[in-house]
Amino acid sequence: MTETNMTEDEIQAAKPWYKQPWLLFILTPIFAVVFYGFGFLYLSIVTMDGVVKDDYYRIAKGYELNTEKNQNAIDQNIVAELNLDDVTGDIMVKLNGQLTNIPEFLTLDIVHPTHQKYDQEITLKAIGSQQLYSGSLANPLKGKRYLFLFPADENWHLRKEILPPYEQRSFELKPNL
């Protein structure tokens, strides 16, 4: 049989396997999966997931919550009233409870639920001896936030979830029961 008498199907069948048109049809999804897989692998290695912000520590293959700081706040009946003026950025905290030693500074962590770049850590300075503390926001708040209040030695902490609007609001921070 000469080449002139061959039909188109016979010519296609005579080509080597790597020159067949169906090969591209079969390999395209595989190449796409490999390409996107390596892309997502690169993103998962390079980017950091900064969402978890709490007192968790890793034990074996699980996570446990360290409740010691929360229990210290409950034992000392510590409660704080936070007054937030989002327009001026002023923060006032009145600390109440049976504190063994009154801290000179408090730290207020304002944590965004999903983006770590919107988190703020504010150092509050004591005003006088009436357990009043003052500080100011670095940036205005937008959206849901978590508040964590603790002293420099971090032996207790208070927390609160807040939602907008924040213009001039008062929040009570207390330990989780």
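Q: What makes a residue buried, partly exposed or exposed?
A: Buried means under 20% relative accessible area, exposed means over 50%, and partly exposed lies in between, with a 1.4 Å probe and protein chains only. This is a predicted model, in which local features need pLDDT of at least 70 and side-chain atom pairs count only at pLDDT 80 or more, while totals for chains, interfaces and linings use all residues. Residues are numbered from 1 along each chain as its sequence is written, and side-chain values use heavy atoms, with hydrogens and water left out.

Q: Why is Glu161 called partly exposed?
A: Its relative accessible area is 41%, which lies between the limits of 20% and 50%, so Glu161 is partly exposed.

Q: What makes the pair of Glu161 and Lys144 a salt bridge?
A: A salt bridge requires a side-chain nitrogen of Lys or Arg within 4 Å of a carboxyl oxygen of Asp or Glu. The closest N and O atoms of Glu161 and Lys144 are 3.3 Å apart, so the pair meets the rule. Glu161 belongs to strand β9 and Lys144 to the loop between β7 and β8, 17 residues apart; strands are DSSP runs of E with at least two residues, helices are runs of H or I with at least four, and both are numbered from the N terminus.

Q: Why does the salt bridge of Glu154 and Lys69 tie together parts that are 85 residues apart in sequence?
A: The N to O distance in this salt bridge is 3.5 Å. Glu154 lies in the loop between β8 and β9, and Lys69 in helix α3, so the pair ties these parts together.
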